[in-house]
Amino acid sequence: MKQELLELLPRLRRFAWSLTNAEHDADDLLQATVERVLRKGVPDNIPVDRWAFTVCRNLWIDEYRAQKVRKNAQWDPTLNDNQTVDGEREMVSHIELDRVNAAMKKLPEKQHMVLSMVAVEGLSYKHVATALDIPVGTVMSRLARARSRLVEMLELDIRAAKAGERS
Amino acid sequence: MTNYVFTDETLSAFLDNELDGTEMARVRDAIATNMEVANRVADLSEANKLVIQQAEKH
């Protein structure tokens with residue numbers, strides 16, 4: 001397996017590069033991927049290259065999320081002395097966000113994944129397409145279906161809302 | 001041009017700034033002149049905003 005992994009390095013490195021867009025981060029990601037694959041091994045029924053790419057992608061997503069959380073924490077008014085209140089966020093009740101969470105969970109996993117990567121993690125369509133190994137057009141259609149489904153489930157239709165109690 | 005019907009795919013990609021320049025401009029024009037398009041963009045954008053807010057809470 002080591003030999004196979006070694007031969008895979010150039011491709012894996014390009015993949016890591018496409019995900020991170022930064023040489024330093026790509027090297028870190030590549031190293032973490034190789035370490036993980038060597039330490040945990042490869043499942044019997046999965047080709048080494050496929051597995052390595054999956055590990056690489058997952059590590060990157062985890063790291064990206066962690067960075068995002070760290071960045072958000074800096075701006076979270078509850079975590080520092082900044083008393084500024086985000087008015088818009090205040091208006092959205094906990095109940096409503098729980099509804100959003102429940103609706104998200106009802107989305108097909110593939111749509112959920114793409115929506116999270118683009119809306120929450122702020123990744124470009126090209127990044128997502130590369131990371132998930134799907135065409136950009138598929139990224140587009142999954143996003144559109146996910147958002148349109150959420151509009152339906154959360155009853156966000158603006159004309160209905162105007163007539164209703166939402167303000 | 002104002003009657004041009006946009007798909008959810010196009011409007012959703014507009015929200016992400018992922019259309020090419022011409023297409024971005026075309027949607028912007030339509031939002032200004034076509035209530036149907038403006039409403040739909042607002043709906044999709046609201047859904048997107050809630051997803052982001054929900055994620056930030058966790």
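**View 1. One salt bridge links chain B and chain A.** The model is predicted. The two partners are Asp16(B) and Arg147(A). Their side chains meet at 2.9 Å, N to O.

**View 2. Two helices of chain B each supply at least two residues of the side that touches chain A.** They are helix H1 (8-15) and helix H3 (35-57). H3(B) gives the largest share, 18 residues. By class, this side of chain B has 8 nonpolar, 6 polar and 11 charged residues.

**View 3. The contact takes 25 residues from chain B and 31 residues from chain A.** The area buried between the chains is about 2,600 Å². Carbon and sulfur atoms give 60% of that area. In chain B, Asp43(B), Leu50(B) and Val51(B) lose the most area to chain A. Together they make up 20% of what that side buries.

**View 4. Helix H8 of chain A packs against H1(B).** H8(A) spans residues 136-153. The axes lie 8 Å apart, at an angle of about 95°. Angles of 65 to 115 degrees count as roughly perpendicular, so H8(A) and H1(B) are roughly perpendicular to each other. H8(A) makes the contact through Met140(A), Ser141(A), Leu143(A), Ala144(A), Arg147(A) and Ser148(A). H1(B) brings Asp8(B), Glu9(B), Ser12(B) and Ala13(B). By class, this helix contact has 4 nonpolar, 3 polar and 3 charged residues. Arg147(A) is part of this contact, and Arg147(A) also forms the salt bridge with Asp16(B).

Note on methods
Residues numbered from 1 in each chain as written. Chains lettered and ligands numbered in written order. Predicted model: local features only at pLDDT ≥ 70, side-chain atom pairs only at ≥ 80, totals over all residues. Heavy atoms only, no water. Contact = heavy atoms within 4.5 Å. Buried area = accessible area lost by both parts, 1.4 Å probe. Salt bridge = Lys/Arg side-chain N within 4 Å of Asp/Glu carboxyl O. Helix = DSSP H or I, 4+ residues; strand = E, 2+ residues; numbered from the N terminus. Nonpolar A, V, L, I, M, F, W, Y, C, P; charged D, E, K, R; others polar. Axes fitted to C-alpha atoms, helices over the stretch in contact; angles between N-to-C directions. Parallel < 35°, antiparallel > 145°, perpendicular 65-115°, else oblique.
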